[in-house]
Amino acid sequence: MSTTLPKSPAKETVSVDPATNEMVVIANNSQMSTVWDRYAAQKPQCKFGMEGICCKICHMGPCRITPKAKLGICGADADTISARNVLREIAAGTAAHSDHGRMLVRALKMVAQGKSKDYKISDPKCLQAAASEFEIETAGRTDLEIANDLADFFMSQFAWSEEPNATLKLAPKKRQELWKKLDIAPSGIDSSVVELMHRTNMGVDHNYHHLIMGGLKCSLADGWVGSTIATTVSDILFGTPKPVRSRVNLGVLAEDKVNIIVHGHEPTLSEMLAVASQDEELLAYARSKGANGINVAGICCTANEVLMRHGLPIVGNFLQQELAIMTGAVEVMIVDVQCVMPSLAHVVKCFHTELVSTSEIAQSMGAEQMTFDAKNGYAQASLLIRKAIDNFERREKSRVHIPNESMEVVAGFSNETIFHMLGGHFRKTFRPLNDAIIDGRIRGVVGIVGCTNPKIQSNSAHVKLAEELIKRNVLVLSTGCSAIACGEAGLLTPEAALAMAGEGLREVCDVVGIPPVLHMGSCVDNSRILMAATNVLLEGGLGEDLSDLPVAGAAPEWMSEKAVAIGHYFVASGLYVVLGHPLYVAGSENVDRLLREEMEDITGGKFEWEPDPVMAADKIMAHIEKKRDALRINVKKERKVLGMKERRELNECKH
Ligand code: XCC
Ligand code: SF4
């Protein structure tokens, strides 16, 4: 079996986004290396890695599978090796999302115990709803008492227990039963990650089928437990998102203001920065240094979090992080965890930008370490802003180059918001959406998620796939760097996107007042997509399980281990998932077939690899129509198009 390596896009057009291309030219002219240069230097990339058939799990190895050596030294074959490699990625992805969830639960606990005056319960309704969902006493108790118990309950979900994780009950009944039957209901987040590390250890689990099923179990601990907890606690502490207007792309950096970029995934500090950037005293201090204001803007998922809750602008997605600094207009870049390139340390050396690492578990070389302590959140945020203001004077005006590109976006569609928009203020319901799906004006719903990746012309596949789907009357739910890509292309401007949408989708969106591409948040907020699908199902008329729905997921430009975990929990939830490039499994026909074909009979979901976004849309539509046929909701439509002659024939009784 062979994999073809994706072609590297021409330097000038590394992206479909003009701002990115403009900055790459500047980088090249100044001989600053970017992610695309380093990608070129890495080519050709290791074929064994690409196919998932190298193993260094023990120190008899490293081993790789070749035509002349079909087994590793221990006897492991390509199936075992590639399945084990996938599992370790799922474990890492689950760990990342869930550890982020744990940080938030710790913050909730701290607030509940009155240990921080800076944070509060911002959405008591969400707190109440979560508490009653998980049978925590609410009557006659204060928010803080309830929050304290809820934090303990969420924390208990990390350790192993006799019972499956309690948050799994948010899933449809039939799905829960299937997970039990398949023995893939996780019973602890941390223990699921540990179990995968154990199973993939030298000499433990060797059956590729059994391994992959174990991987699904851990991925469920990511989606339905860790990520769900992260989203819920963020909403409780920082507020459940409501639609806001803002702007996206490198052009949101302001020539006359102090620019502070928050990059990474933790919303705790960035929340405080959002608030502190409005502080009159700090604003006056900025003016005293010749700046016209303080501009806090984000990159990656932190950006999505503060966009949705504060309307702060987004500078860009994953592949734009180096370029942002190269504008020469960034005073401070504050990083925490995940998706922060080590290369930033080299880039800041060429500019006045100060890089500050704030996580206790993550340090960047070349960065100043200022470990964030939520107890003093506001004070620390103020300190960082002062630091940025002081650095404003050091900005070399002659080197500033900010592309004149930014796009208007509307973002922040939580399930709560969708309920309200669909049902009006008095009736919480998904009914109008279900009705539109049933009568065919909307064919289905697709989540487009995940990263950007230098292997693929940046944003191209996200944007093309989203355009193709809305054109074909599919409602698109979007998160993470994919949502940012859609934003940069103008797809989160409701007016523009509506003009592109098919007639049926446009009609529904117009009436309800929602755009055809809904920005639902950060990557842990893929849990919102799971809940949206569940809400559609519970509304009725579209089957009994998630796998019955005309729904799919796609990650056209993914790169992270987190995306591997996400893909698996979508598949374990019964959904069809199209990845823009394959998992590292091409070296094992068996694992590849299991994931792409046989899985459908097991979970109702399966993977597909499809680099061409138009073909991906074709495949997704075929899946959606297959599900619609099975639900028999396409029947009515067919009857409508009968001609006069057929109608007459129908009326003549032949029995
Ligand atoms: Fe990272 Fe969440 Fe990927 Fe973007 S999409 S590159 S994981 S920031 Ni999640
Ligand atoms: Fe080689 Fe087996 Fe060790 Fe892997 S576990 S490195 S295949 S001997």
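Modeller: Let us start with Asp-183, which lies in the loop between H7 and helix H8 (189-199); helices (H or I, at least four residues) and strands (E, at least two) are DSSP runs, numbered from the N terminus. This is a predicted model, in which local features need pLDDT of at least 70 and side-chain atom pairs count only at pLDDT 80 or more, while totals for chains, interfaces and linings use all residues. Side-chain values use heavy atoms, with hydrogens and water left out; residues are numbered from 1 along each chain as its sequence is written, and chains are lettered from A and ligands numbered from 1 in the order in which they are written.

Colleague: What is the phi of Asp-183, and is Asp-183 buried or exposed?

Modeller: Most residues other than glycine have a negative phi. Asp-183, however, has a positive value near 60 degrees. Asp-183 counts as exposed because its relative accessibility is 61%, where buried means under 20% relative accessible area, exposed over 50% and partly exposed in between (1.4 Å probe, protein chains only). Asn-473 also has a positive phi, near 65 degrees, in the loop between helix H18 (460-471) and S12. With a relative accessible area of 16%, Asn-473 is therefore buried.

Colleague: Which residues are joined by a cis peptide bond?

Modeller: In general, most peptide bonds are trans. Here Lys-43 and Pro-44 are joined in cis, with omega about -5 degrees; Pro-44 belongs to the loop between helix H2 (35-42) and helix H3 (47-51). Gly-61 and Pro-62 are likewise joined in cis, at an omega of about 5 degrees, and Pro-62 falls in the loop between strand S1 (54-55) and strand S2 (63-64).

Colleague: Which residues surround ligand 2?

Modeller: The test is distance: a residue is near a molecule if one of its heavy atoms lies within 4 Å of it. Around ligand 2 this shell includes Gly-61, Cys-55, Cys-58, Cys-63, Cys-74, Arg-84 and Met-202. The shell divides into nine nonpolar, two polar and one charged; Ala, Val, Leu, Ile, Met, Phe, Trp, Tyr, Cys and Pro count as nonpolar, Asp, Glu, Lys and Arg as charged, and the others, Gly among them, as polar. The shell of ligand 1, with eight nonpolar, three polar and one charged, includes His-265, Cys-300, Cys-301, Cys-339, Cys-451, Cys-481, Cys-523 and Lys-562.

Colleague: How many residues line the largest pocket, and which helix gives the largest share of its lining?

Modeller: The largest pocket is lined by 42 residues, with Cys-126, Ala-129, Asn-415, Glu-416 and Lys-428 nearest its centre. H22 provides the largest share, seven residues. At least two lining residues come from each of helix H5 (124-133), helix H7 (173-182), helix H9 (208-238), helix H16 (415-423) and helix H22 (526-539). In composition, the lining has 14 nonpolar, 16 polar and 12 charged residues. On a 1 Å grid over the protein atoms alone, a pocket is an open set of points with protein on both sides within 12 Å along at least five of seven lines, and lining residues have an atom within 4 Å of a point.

Colleague: Is Thr-479 buried or exposed, and with which side chain does Thr-479 make a polar contact?

Modeller: Thr-479, in strand S12 (residues 474-479), is buried because its relative accessible area is 0%. Its side chain makes a polar contact with that of Asn-526 (2.7 Å); such a contact is a pair of N or O atoms within 3.5 Å, and within protein one must be able to donate a hydrogen and the other to accept it, while residues adjacent in sequence count only if both atoms are side-chain atoms.

Methods. 1 Å grid on protein atoms, 1.4 Å probe; cavity = no way out; pocket = protein on both sides within 12 Å on 5 of 7 lines; lining within 4 Å.
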